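Hi,

Here is the structure I promised to pass on. Please have a look at it first, and then read my notes below.

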Amino acid sequence: MMQWSYDALLKWGTDELTAHDVENAALDAWYLLEHIYGISRVDFLMRRSDSFDAAQMEKSTAYQALIRQRSEGFPVQYLTGSTEFMGLPFLVNEHVLIPRQDTEILVEEVLKQLHDGMRVLDMCTGSGCILLSLLHYSNDCEGLGVDLSAEALEVAGRNVLKVLTQEKSEHAHFLQSDLFEKVEGKFEIIVSNPPYIASAEIEKLMPEVRDHEPRMALDGTEDGLHFYRRIIKEAGKHLVNSGMLFFEIGYDQGQAVSELMRAQGYREVQVVQDYAGLDRVVLGTYCERN
């Protein structure tokens, strides 16, 4: 059996991932080492060349297994069971989409309009990353996260105390529902990152997304707009007058989603771009019709 050190094991992991054309091989190899050994960068630098003791050697087998899974396309976030979003730690697994930096643009836009004491509905909540981030960075807001997947809601529930204080956690609620089917009451803000990939485009996604992330959280049916249509049509029943609706969108959906919102009477409809200059968020204000 090879006698490992942190340095040698990390190099092996990096080389293995590089050989399988994994992007960011060195970074992923480090994340998995950190996950298995609970080691910080400082500790690594101080002990990088020390030969492993028996307990460390035993853990090296687990590390090698994770590296092999990563080389086969499993997302590193699912292998570690966690990721960071809006500077906060979130648990993730194969039942929820992995939170992405693009979605932080959506949260940032909502935060610009979110005032203390507001009620927020997060439709298609998944891991709860949007709703819980909003509650974390605001005061006295009440939040409801809705999803059809019981497995996703289990993850969201586990994230509550990981992200929120005990006091704020009492303001976070989750509901299993087919969109608005079981939702009651009205909200100042409704936010959603719904499935928006056209069905025919699913097969063109990166393999680690296509093969490992939950398809029901990706597939927006034939043209990718199915859930926007449904949410926009029904959201008005659950928004106060002058309440706001926010969506994450695909880069080529800004005009279509904007037109759907205007057709339902939303005003001040805007499209916001991400840091790459691509359309990423559509938002608008609801006006009750006489």
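Predicted model: local features only at pLDDT ≥ 70, side-chain atom pairs only at ≥ 80, totals over all residues.

Residues are numbered from 1 along each chain as its sequence is written, and side-chain values use heavy atoms, with hydrogens and water left out.

The chain has 12 helices and nine strands (DSSP runs: H or I of at least four residues for helices, E of at least two for strands, numbered from the N terminus). Its C-alpha trace spans about 75 × 45 × 35 Å along the principal axes. Of the 290 residues, 51% are buried (under 20% relative accessible area; exposed is over 50%, partly exposed in between; 1.4 Å probe, protein chains only). Among contacts (heavy atoms within 4.5 Å) with a separation of 6 or more, 67% join residues 24 or more positions apart.

Now for the two residues. Glu109 sits in helix α6, residues 101-113, and counts as buried because its relative accessibility is 12%. Beyond its neighbours within four places in sequence, Glu109 touches Phe246, Val272, Val281 and Leu283.

Asp116 lies in the loop between α6 and β3 (119-123). With 54% relative accessibility, Asp116 counts as exposed.

Best wishes
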